[in-house]
Amino acid sequence: MIIPRVPVQHRRLLPDHRLSGPTPWVIAILMMLTLLAAAAGVGLARSANAIGDAIAGRVTVQIVTANPVTRAQQAAALRRAAAAQPFVLSARSVEPEELQATLGQWFGSTEGDDPVLKSLPLPALVDIDFVGEDRAGPMRALRTLVAREAPGARIIPHAEWLGPVARLIRSLAWIAGGMVVLMALASAAVVIMTARAALGTHYATIEMLHLIGATDRQITRLFQRRIAIDTAYGILLGSLVAAAILLLIGWQWSGVTSGLATTASLGPGGWALLLALPLLAIALAALTARQTLLAALKKIL
Amino acid sequence: MTDAAPARPGGAMVEFDGVGLRYGPDAEVLCDISFNLQPGSFYFLTGASGAGKTSLLKMLYLAQRPSRGIVRLFGEDLVAMPRHRLPGFRRRIGVVFQDFRLIPHLSARDNIALPLRIAGVSEEDLSGPVGEMLSWIGLGDRAEARPATLSGGEQQRVAIARAVIARPQLLVADEPTGNVDPEMAMRLLGLFEALNRLGTTVVVATHDIHLISRIENAQMMRLERGRLSDPTGALRYPPANRT
């Protein structure tokens, strides 16, 4: 049991005021940071996975033939030929308007009527998604296909340019996970110090209880209960503050609709983890307190 | 000298045989202590300050293991006894400490009820005996008072009530009448005697020679510089065992 049941009369063996002074506040801060780090870790991990899934099997064929008519014909022929291949999941020609709209953001022209933009010799692009996990075989077959349908075209695997970003995001997720572990250890250290301080403060009472026949288990349950309640207050407070911060960030994040930002979310598993963390923290605190107290009591006859 | 002859077991409640006690690397504070305490007997432990009375009592109430020798309590070897078995033995021993050792944030009633609560007695069952005990020590109207608001004598009475409330088989008292007036001292001694008549073995450490003379058939142990002397010869060869 996380918070042991102790008869009301036995609870009075410890003074009414809180044992641990600043402990709930320190635990609250650590819990808030733990939850924020965990949320960041989960979000980043999901983002890295989403990017990885998106880029792993996708290539873009860039056709740069000078003649625009030939260029368009080559793009259409390549798209048709690729779509007919068993190793291709989908093949899509990127429309010139889509390219102009993307470039227009950089040219400061969002309407698509910029004469400079219209005069640019834009390449024809064909996005191709492969079937399955094997990449080497489909790439060889695609190169043959491209050489036949659009000689001189360039094949760009997305993993080449988005891969480092995904790796960076994944590294950040691991760092966030590491911070969660470190803060859990720091919380456990706070609980150990609290338990030892409580034993020191109440040594005379403990000695008296021992001498009239109290068992280590009886004494431990008293202190374990009090420490678990103290830390539970801190964990609850820290969790509430972290939840408020996460909701605020989530609300602001919902306004971000471009690029990699859309891949970051917590998902049901992430929310479940964040909800479980406070309970795990209370259990960790109670267990740590129990082991610390039992170890300390064993040193007393 | 009492330490010359071997201890006689034979149903003794407490047996010390060749017991020595030292704290750290210093010389022994108790040396070659050997005696038996018979069930239902009354003993006074005397000796000058620093003779080792409190150290000897600490071994009796299981707050200290000896550095050497054999200690048997209720027929069991305490030196080799695992720690987890000690609470069961401690519940059979009542202790009156020289410095009372009341729990400061508990009322007189709760301090007295403590041994019963630790032993798992229900609130319903302990309220009667605790109330009677409070009345007997004359603190019926101060049941909810904290120790800090009680006089030294009142604290002493609460400490004694706590020691005897669970009807221990062995009662160990370290200067139990040091802080009470002569009238209360006699009442407390009367309580010890009554408990003794009910079968409790009583060991009282005291400087008060007048107290010793008040109890018939009481036997005396005297500590001198960490060694036990036996002026009555009753420790090794108590009347019941003499041949």
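Let's start at one end of chain B. Over residues 236-243 of chain B, pLDDT stays under 50. The model has 13 contacts beyond four places in sequence for that stretch. Keep in mind that this is a predicted model. Where pLDDT is low, the predicted coordinates should not be read in detail.

Now chain B as a whole. Its mean pLDDT is 84. In chain B, 90% of the residues reach 70 or more. As for the model scores, ipTM is 0.81 and pTM is 0.70.

Next, the contact between the chains. How many residues does each chain bring? Chain A brings 16 and chain B brings 19. On the side of chain A that touches chain B, helix H1 (8-11) and helix H8 (203-211) each supply at least two residues. H8(A) gives the most, with 5 residues. By class, that side of chain A has 9 nonpolar, 6 polar and 1 charged residues.

Which residues make the contact? H5(B) uses Gly153(B), Arg157(B), Ile160(B) and Val164(B). H6(B) answers with Met184(B), Leu188(B), Leu191(B) and Leu195(B). By class, that contact has 6 nonpolar, 1 polar and 1 charged residues.

How values were computed
Residues are numbered from 1 along each chain as its sequence is written. Chains are lettered from A and ligands numbered from 1 in the order in which they are written. This is a predicted model: local features need pLDDT of at least 70, side-chain atom pairs count only at pLDDT 80 or more; totals for chains, interfaces and linings use all residues. pLDDT is the predictor's confidence in each residue, from 0 to 100. Two residues are in contact if their C-beta atoms, placed from the backbone, lie within 7 Å. Helices (H or I, at least four residues) and strands (E, at least two) are DSSP runs, numbered from the N terminus. Ala, Val, Leu, Ile, Met, Phe, Trp, Tyr, Cys and Pro count as nonpolar, Asp, Glu, Lys and Arg as charged, and the others, Gly among them, as polar.
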